[in-house]
Amino acid sequence: MCGIIGYIGYKNAADVVLNGLRRLEYRGYDSAGIALNDGRLYIEKTVGKISSLSDLIDVEKLCDYCAGIGHTRWATHGVPSRTNAHPHTDCAGEIAVVHNGIIENYRVLKEALIKEGHRFVSETDTEVVAHLIEYYHGAEPLVDSVIHALARIEGAYGLVVVSSKEPDKIIAAKKGSPLILGVGDGEMVMASDASAIVEHTRRVIYIEDNEILEIRKDGYKTYDLKKNNIEKKVANIDWDIARIEKGGFEHFMLKEIFEQPETVENAYRGRILLDRGVSRLDGLRLSDDELGDIERIVFLACGTSWHAGLIGEYMIEEYARIPVKVEYASEFRYRKPVLKKGDLVVTISQSGETADTLAALLEARAKGIEAIGITNVVGSTIARETGRGVYIHAGPEIGVASTKAFTSQITVLALLTVLLARRKDMTPEEGRSVLEDLMRVPEQIRRILQNPEIKKIAGLYGEKRNFLYLGRGIQFPVALEGALKLKEISYLHAEGYPAAEMKHGPIALIDESMPVVFIAPRDEVYSKIISNMEEVKARQGRIIAIATEGDEGIRRYADHVIYVPETHRMLSPLLTVIPLQLLAYHIAVLRGCNVDQPRNLAKSVTVE
């Protein structure tokens, strides 16, 4: 969601901050701004893209500024406007603040500050923070003023502050919204995302909740909310700037779709013991006895990760015979869920920062339930909170619509299934068969990616307004994911359904102008899905079928067929989802949509 960048050092701060904001564009935003500090504050902000902000700024004329902060805003309180864009300032224009999160008690604070004579200009909750710091800053150092202000704030924040009275420092604070400090040589970079840091340094410090940083170009101090010193360990980012470049592709999303042969392989590399027909997931940190004591698994996730959890449910219940429940994290946190000894909570989040998933995790842990994380970002909040789990190793995912993270999550869930199933009834030979097929998946994905028919089909249906995606069994979540991808990036209406449920309502929508996408590999429900296709065909619906290679018979029912290689039934979603990702991508491109930054969406939802 919103992005934060802060810099202090020997370089042109305007240049560094603007480049950092460009690195954060993928997170989703509607306005942007920058504040530079050399004893005077220079502030510029605008609605729209970073390019519009950059057009307003003469970087060369601002070369004396060696400290600055910047922000990309995704509107919550107040419409997108220049006034509501960050940074926000105090009455005197001496303090500038950028903020991710929501200040829940801002109305109460605002009323109190107005009575003290403070003048507000925006509709945002964030402006309260600037005035609250101003209230204390006249008589004490900036770091103390921030600490005192935070004592009165309720809500979530990733906060970066500068003051013209103290141009040699930046203050940062975190509670519930990610912040990372990049430690350079004579320079420091603070950001909400490592993508804005790696071109300067790979040495980072992950900031925990309720920590305050006082940052200078040659060092930093970390405090708790009582200003006690905290020692922090420096970690290293294990990827470089090339991983967040387009590499010759038109869009990040297309690049990431084409990276899936490598990312699936990365997800299982070093985790397969083929001779024993079993997987190893050392990061779980669960003993054999603890694995054997699992009576139920509860997946907590949102969006695409929730669809991955549904696939995990099918896998684990069928092969490991352990009951599974898949919960929307956003609903779970406000219910009174029934959790008991023997439950294992598994949070699934690409970013590891999803606010609802993190809150649901903390709710489960408060009840004394074991919890692990499946996430992509090393050092993310969920990874640190659980202390154990599995990294999917997909690398930075820049496109807002998740693709490679989804297939990497499925890969890890397949490994988890084999690990658990081998403790039950799955024989070494059966385990070996699954794992051998998994090792074939990367090459099979490469074959699908070279299919020219997908783009041609997209050209035929790009002007349609409604799509229906249907699947049975383990392909039902794939139908949901295919529909979500189309909605996210092309702004077309699409619905995913279990194919058998079509007769219980959606069949009323079908006519000659309705494309219906069937996920129909040759499996145990193949004859049933064919019957559903006949029902659509009888009502003049246009059928696009995802089918198993060699299935020529399906052409009798479908207007178009996209073939995928045959694999183990448990692994089939890894292949059937690839054409759906490409179909959505090509339709969105043909419609002129912003594929990497679709409207109203953010990559990581860090507020409710």
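Select helix H7, residues 260-268: its buried residues are Gln260, Pro261, Thr263, Val264, Ala267 and Tyr268. Buried means under 20% relative accessible area, with a 1.4 Å probe and protein chains only. Helices (H or I, at least four residues) and strands (E, at least two) are DSSP runs, numbered from the N terminus.

This is a predicted model, in which local features need pLDDT of at least 70, side-chain atom pairs count only at pLDDT 80 or more, and totals for chains, interfaces and linings use all residues. Residues are numbered from 1 along each chain as its sequence is written, and side-chain values use heavy atoms, leaving out hydrogens and water.

Now show what H7 packs against. Its buried residues meet helix H6 (252-258), strand E15 (272-273), H13, helix H14 (428-449) and helix H18 (573-590). Contact means heavy atoms within 4.5 Å. Gly270 follows H7, with a positive phi near 75 degrees.

**The cores**

Next, select Ile297, Phe299, Ile316, Leu420 and Tyr469. These have the most contacts inside the largest nonpolar core, which has 93 residues. Such a core is a set of buried Ala, Val, Leu, Ile, Met, Phe, Trp, Tyr and Cys residues joined through side-chain atoms within 4.5 Å. Helix H13 (residues 404-421) gives the largest share of this core, twelve residues. A second, separate core of 33 residues includes Tyr26, Ala32, Val189 and Ala194.

Zoom in on Phe299. Beyond four places in sequence, Phe299 touches residues including Gly309, Ile316, Val326, Ile348 and Leu413.

**Strand E3**

Go to Leu41, in strand E3 (residues 41-47). Setting aside neighbours within four places, Leu41 contacts Leu36, Gly93, Glu94, Ile95, Ala96, Val162 and Ser164.

**The cavities**

Switch to a cavity view. There are two cavities of 30 Å³ or more. On a 1 Å grid over the protein atoms alone, a cavity is a set of points where a 1.4 Å probe fits but cannot get out; lining residues have an atom within 4 Å of a point.

Select Cys2, Thr76, His86, His99 and Gly101. Of the 13 residues lining the largest cavity, these lie nearest its centre. That cavity holds about 90 Å³.

Finish at the second largest cavity, with about 30 Å³ of space. Its lining is Arg472, Gln475, Ile519, Ala520, Pro521, Asp523, Val525, Tyr526 and Ile529. Strand E24 (515-520) and helix H17 (526-537) each supply at least two of the lining residues.

Conventions: Buried < 20%, exposed > 50% of the residue type's maximum accessible area, 1.4 Å probe, protein only. 1 Å grid on protein atoms, 1.4 Å probe; cavity = no way out; pocket = protein on both sides within 12 Å on 5 of 7 lines; lining within 4 Å. Points joined across faces, edges and corners; volume = space filled by probe spheres on them.
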